Amino acid sequence: MSETLQTTDVAASDADLLAQTAIAVREAGSALRERFGEVVRYQTREELMRALAANDDTALDVLRPRLTRLRPDAGWVEDELDGGALPPGEWWVVDPAEGNVNHLHALPEWAVTATLVRENQPVLTAVHLPLTGETYTALTGAGAHLDGRPLHVSRTADLGLSIVATSQARPDEDEKVVRRVGSSITAMLFDALVVRAAVPATLHLLNVAAGRIDAFWQFAGARADLLPGALLVTEAGGRISDAEGRPWTPQSQSFLAAAPGVHAEAVSTLSR
């Protein structure tokens, strides 16, 4: 078989795989939606962790068997807060309840995500927002879509006219990272039109891919936070780098996704 035919077959197989992945995240989202609506009360950190784990388990009970059937030999990332490179081969990077704390507080900003990573490159991703019914998908080389409609990043070329966003540092993050987050927000308040700061990161990145906001940045961060949005933004025509403008990898200590017209200005602001 020629290399061209092999490539075509792989692309077709990945497209079918993406369609099945999207079904899986929708089903997991339905299970989480049934648990949504009342504020979950907790008095200690231990109670909070148990409530978060209960949501995760609800979605994982749907996702794990379905995704394992789709790719039996793929590894499975157990810790959604993990960062860094993955071992060789294929891996499912899943966040069963992205924005889990929001879910517990009856806030609408949460999602279910599943991304297939091949040799440390995201190949396909599906992100489902159960409360709106929207499903965002991306496949390497085939674009990013919202319920089948193509997405494209903003054409804004002036950071001063831009809405930008960031997420906060992870719980128990190093003090230097926390202070860097704060100073970056201050810098953006001077240079951008509007600055949004909230969790989860994935929902901001969906908005970058859809052209609703113009840039998103974060310091440190986990694979499950950033890989789905990185692929969506890239396939929607955006630029991905670290905060200094260097190529981003899961080992990077910062992350920036932006419309091409404001990427350089965003790097300049974050580098101050």
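# Reading helix packing, hairpins and a salt bridge

Colleague: How does H4 pass H7?

Modeller: In this predicted model, the crossing of H4 past H7 is right-handed. H4 covers residues 175–191 and H7 covers residues 260–270.

Colleague: At what angle do the axes of H4 and H7 cross, and within what distance do they come?

Modeller: They cross at roughly 130 degrees and come within 9 Å. An angle over 145 degrees would count as roughly antiparallel, and 65 to 115 as roughly perpendicular. H4 is therefore oblique to H7.

Colleague: Which residues make the contact of H4 with H7?

Modeller: From H4 come Ser184, Ala187, Met188 and Asp191, and from H7 come Ala266, Thr269 and Leu270. By class, 4 of the contact residues are nonpolar, 2 polar and 1 charged.

Colleague: How do helices H5 and H6 pack?

Modeller: Angles under 35 degrees count as roughly parallel. H5 (residues 201–209) and H6 (residues 223–235) pack at about 5 degrees, with axes 8 Å apart, so these two helices are roughly parallel to each other.

Colleague: Which residues of H5 and H6 meet?

Modeller: On the H5 side they are Ala201, Thr202, Leu205, Leu206, Val208 and Ala209. On the H6 side they are Ala224, Asp225, Leu226, Gly229, Ala230, Leu232 and Val233. This contact divides into 10 nonpolar, 2 polar and 1 charged residues.

Colleague: Turning to strands, in which sense do E5 and E6 pair, and over how many bridges?

Modeller: E5 (residues 134–139) and E6 (residues 143–146) are antiparallel, with 4 bridges. Within E6, His145 stands opposite Thr137.

Colleague: Which residue takes a positive phi in the hairpin of E5 and E6?

Modeller: Gly141 does, with phi near 80 degrees, and the hairpin has 3 residues between the strands.

Colleague: What does E6 do with strand E7?

Modeller: E6 pairs with E7 (residues 149–150) in the antiparallel sense, over 2 bridges. Here the bridge partner of His145 is Pro150 in E7. The hairpin of E6 and E7 has 2 residues between the strands, and Asp147 takes a positive phi near 50 degrees.

Colleague: How many salt bridges does a search of the whole structure find?

Modeller: Side chains of opposite charge can pair when their charged atoms come close. The search finds 10 salt bridges. One of the pairs is Arg66 with Glu27, at 2.3 Å from N to O.

Colleague: Where in the chain do Arg66 and Glu27 lie?

Modeller: Arg66 is in helix H2 (residues 45–70) and Glu27 in helix H1 (residues 3–33). They are 39 residues apart, and the pair links distant parts of the chain.

Methods: Residues numbered from 1 in each chain as written. Predicted model: local features only at pLDDT ≥ 70, side-chain atom pairs only at ≥ 80, totals over all residues. Heavy atoms only, no water. Axes fitted to C-alpha atoms, helices over the stretch in contact; angles between N-to-C directions. Contact = heavy atoms within 4.5 Å. Nonpolar A, V, L, I, M, F, W, Y, C, P; charged D, E, K, R; others polar. Pairing = 2+ DSSP bridges. Left-handed = near helix turned anticlockwise from the far one by under 90°. Salt bridge = Lys/Arg side-chain N within 4 Å of Asp/Glu carboxyl O.
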